[in-house]
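Here is a briefing on one protein model. Look at the sequence and the fold before reading on.

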Amino acid sequence: MALTCPSCGNDRNFLVKTLQMHVVQVRDDTRVEANEEGRPAVIEVLCDECEAAMGIDQFDDDVRREILLMLGAR
């Protein structure tokens with residue numbers, strides 16, 4: 001699984017920012033419940049060395065699937 005930053009050549013560490021939404025429900029004016037809504041979405045991928053933005057849609061299909069599977073993301 002090869003992944004390399006085109007800016008600096010880093011092939012080890014990357015930052016993957018995700019976003020997950022929750023629905024919060026107030027019940028009986030006293031109890032609050034939070035329900036998870038789906039899987040997190042990948043918002044941004046950055047090189048951990050030079051912070052260059054990397055488009056996850058440009059990754060090899062196998063690499064992209066592995067990252068999304070590992071994060072439980074879509």
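The protein exposes about 5700 Å², and carbon and sulfur atoms supply 45% of that area. Accessible areas come from the Shrake-Rupley method with a 1.4 Å probe, and for residues only the protein chains shown count as cover. This is a predicted model: local features need pLDDT of at least 70, side-chain atom pairs count only at pLDDT 80 or more, and totals for chains, interfaces and linings use all residues. Residues are numbered from 1 along each chain as its sequence is written, and side-chain values use heavy atoms, with hydrogens and water left out.

**Surface and charge**

- Buried residues account for 23% of the 74 residues. Buried means under 20% relative accessible area, exposed means over 50%, and partly exposed lies in between (1.4 Å probe, protein chains only).
- The protein carries 8 positive and 15 negative side chains. Lys and Arg count as positive, Asp and Glu as negative; His and the chain ends are not counted.
- The centres of the two charge sets lie 5 Å apart. Each charge is placed at NZ of Lys, CZ of Arg, CG of Asp or CD of Glu.

**Overall fold**

- The protein has 1 helix and 5 strands. Helices (H or I, at least four residues) and strands (E, at least two) are DSSP runs, numbered from the N terminus.
- Along the sequence, the pattern reads β-β-β-β-β-α.
- The radius of gyration is 17 Å, well over the 11 Å that the globule rule gives for 74 residues, so the protein is more spread out than a compact globule. This radius is taken over C-alpha atoms, and the rule is 2.2 Å times the number of residues to the power 0.38.
- The C-alpha trace spans about 55 × 25 × 15 Å along its principal axes.
- Take the contacts between residues at least 6 apart in sequence: 55% of them join residues at least 24 apart. Contact means heavy atoms within 4.5 Å.

**The sheet E1-E4-E5**

- An open sheet is formed by 3 strands in the order E1-E4-E5, with antiparallel pairing. Two strands pair if DSSP finds at least two bridges between them.
- E1 and strand E5 (53–54) stand at the edges with a single partner strand each, so one side of each has no neighbour in the sheet.
- E1 pairs with strand E4 (residues 41–47) over 6 bridges, in the antiparallel sense.
- Within this pairing, Leu15 has Leu46 of E4 as its bridge partner, and Val16 stands opposite Val45 in E4.
- E4 is mostly covered, with 5 of its 7 residues buried.
- E4 and E5 run antiparallel and are joined by 2 bridges. Here Leu46 stands opposite Ala53 in E5.
- In a regular strand the side chains alternate between the two faces of the sheet.

**The E4–E5 turn**

- E4 and E5 form a hairpin with 5 residues between them.
- Glu51 lies in the loop between E4 and E5. Its phi is near 65°, a positive value in a residue other than glycine.
- Is Glu51 buried or exposed? Glu51 is exposed, with a relative accessible area of 58%.

**The segment before E1**

- Cys5 is found in the segment before strand E1 (14–19). Cys5 counts as buried because its relative accessibility is 2%.
- Which residues does Cys5 contact, leaving aside its neighbours within four places in sequence? They are Asn10, Phe14, Cys47, Cys50, Ala52 and Met54.
- Cys5 and Glu51 are 46 residues apart in sequence, yet their C-alpha atoms are 9.4 Å apart in space.
- Ala2 also has its place in the segment before E1. At 68% relative accessibility, Ala2 counts as exposed.
- The C-alpha atoms of Ala2 and Phe59 are separated by 9.2 Å, and the two residues are 57 apart along the chain.

- Strand E2 (residues 22–27) and E3 run antiparallel, joined by 6 bridges.
- Arg27 stands opposite Arg31 in E3.
- The hairpin of E2 and E3 has 3 residues between the strands. Asp28 in the turn has a positive phi of about 55°.
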